[in-house]
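Let's take a walk through this fold together, from a single side chain out to the sheet, the core and the charged pairs.

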Amino acid sequence: MIANLHNADIPQPVLDVIARLRDLGHAVYLVGGCVRDMVRLVHPKDFDVATSALPQEVQGAFRKVIPTGIQHGTVTVLQNGTHVEVTTFRSEGDYLDGRRPSSVAFERDIVKDLSRRDFTINAMAYNPLDRELVDPFGGQSDLRSQLIRCVGSAQERFSEDGLRPLRAVRFAAVLGFALDSATRAAIPATLGVFRKVALERVREELVKLLLSPRAESGLLLLADTGLLDVFLPELARAEASAAASVRAAVQASPLEVEVRVAVLLADLVDRAQARDIGLRLKFPNKVADLVALLVEHAKAETRVGEPDAALRRLLARLGPPQLPLWAAVVRARVGVRQPDALPAVEALIARVEALAAAKPPLTAKDLSLTGGDIMAALGVGPSPIVGEATRFLVESVLDDPSLNTADALRQRLQAWQAQVAR
């Protein structure tokens, strides 16, 4: 596997930073996820550099440096237009809040730095100039064995940082690896620490898991280890067959966050509960609202055979831009739960798509009469009756789009006004 490192495509600015620090007599390595990915022949998203140089020494070695996290030993070097993050080797004090160390001490030894990391596959360091790999905890071996294993004691690692158990499950789902037995056994025993983690961080890891190629197995592992019950009890406490269907449907859905979250919730909760869960997990309001909308209309198998007017109302509620997302949620659910119903549901989706392609009037903005036109036709000024009249006209054109002409709508208004006046 080390041959993969020697042949890795490392950006020249990163190599230049490493060379400069080495020439000044400092130990310097690529560390963490980038080394793991290069060993796996996956191009890293980021290249993190660790060095024995103190932050002040790194600052003095380069012309342009940003002190992004200097109190923790991290500075960002601007090298030929590229941002290169450089962190001093460090050890950490006790974790008092289940998330962050109480103190950081700078070190000269790379092994001490690696020993504080979460999993063996993330605890390797590589110097591409000297072709030196430092792997004190067996990260290469665990990559070959496709195993997620904590550095040292899993109980200690998870007690230090409550997010690590969720990261372990996420890595297993993303990489298709298994959890080492001791690592897995330590998760239920440290759920109290996990409960301290900010839900923003939980959401970030959950999204990565949901968008992984093995979301189904990842969700099952979350349930089996007790993690899911902490932040999504609605799924964790579902009946076994229902939960299995949900997991399979998530796996069958497209890799879009809103779609996968909607599929996750559609057969467990209603619209209001789905929105509450989205907000609880700190999704942006727009995402929570969209997920709730998709959940509300996910059970399209109940709408097969409805008339066009009802489907235009569905389209108006969804909004045409959301139609592909809705169709994806519907297909994923029905394909797993009621595969025999899928042809009828596909026909329904096709009908809704055809209606959308015809661009029917769906909202007040689509009416051939403006608000001013409606007031003139009614002979009134701004008042609640204008809103009532507008809603009446929208309902009229949803029933029959051909009515959306100025003359036809005025006639409808006159008849409506006469009816209201009785």
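Is Cys34 buried or exposed? In this predicted model, Cys34 has a relative accessibility of 3% and so counts as buried, since the cut-off is under 20%. Cys150 is buried as well, at a relative accessible area of 1%. As for disulfides, the count is zero.

Now turn to the sheet. Seven strands form an open sheet with mixed pairing, in the order E3-E4-E5-E2-E1-E8-E9. At its edges stand strand E3 (65-69) and strand E9 (132-134); each has a single partner strand, so one side of each has no neighbour in the sheet. On average, and ignoring direction, neighbouring strands here are turned by 30 degrees against each other. For a closer look at one pairing, follow strand E4 (residues 74-79) into strand E5 (residues 82-88): the two run antiparallel and are joined by six bridges. Among the residues involved, Gln79 has Thr82 of E5 as its bridge partner.

A helix crosses this sheet. Helix H2 (residues 12-23) lies across strand E1 (28-31), strand E2 (48-51), E4, E5 and strand E8 (125-127), and runs at about 40 degrees to E5.

Next comes the nonpolar interior. In soluble globular proteins, nonpolar side chains tend to be buried together. Here the largest nonpolar core has 121 residues, and Leu30, Ile148, Leu222 and Trp326 are those with the most contacts inside it. Helix H20 gives the most to this core, with nine residues.

Finally, let's look at the charges. Side chains of opposite charge can pair when their charged atoms come close. The structure holds 30 salt bridges. One of them joins Glu234 to Arg280, with the closest N and O atoms 3.0 Å apart. Glu234 belongs to helix H14 (residues 233-236) and Arg280 to helix H17 (residues 271-280), so this pair ties together parts that are 46 residues apart in sequence. Glu234 is partly exposed, with a relative accessible area of 26%, and Arg280 is partly exposed too, at 30%.

Another salt bridge runs between Arg337 and Asp267, where the closest N and O atoms are 3.6 Å apart. This pair links distant parts of the chain, 70 residues apart: Arg337 sits in helix H20 (residues 323-337), and Asp267 in the loop between helix H16 (257-265) and H17. Both ends count as partly exposed, Arg337 at 38% relative accessibility and Asp267 at 22%.

Glu301 lies in the loop between helix H18 (285-296) and helix H19 (308-318), while Arg333 lies in helix H20, 32 residues apart.

To finish, bring up Asp118, Arg167, Arg170 and Glu205, which are linked in a network of salt bridges.

Methods:
Residues numbered from 1 in each chain as written. Predicted model: local features only at pLDDT ≥ 70, side-chain atom pairs only at ≥ 80, totals over all residues. Heavy atoms only, no water. Salt bridge = Lys/Arg side-chain N within 4 Å of Asp/Glu carboxyl O. Helix = DSSP H or I, 4+ residues; strand = E, 2+ residues; numbered from the N terminus. Buried < 20%, exposed > 50% of the residue type's maximum accessible area, 1.4 Å probe, protein only. Disulfide = S-S within 2.5 Å. Pairing = 2+ DSSP bridges. Axes fitted to C-alpha atoms, helices over the stretch in contact; angles between N-to-C directions. Contact = heavy atoms within 4.5 Å. Core = buried A, V, L, I, M, F, W, Y, C linked by side-chain atoms within 4.5 Å.
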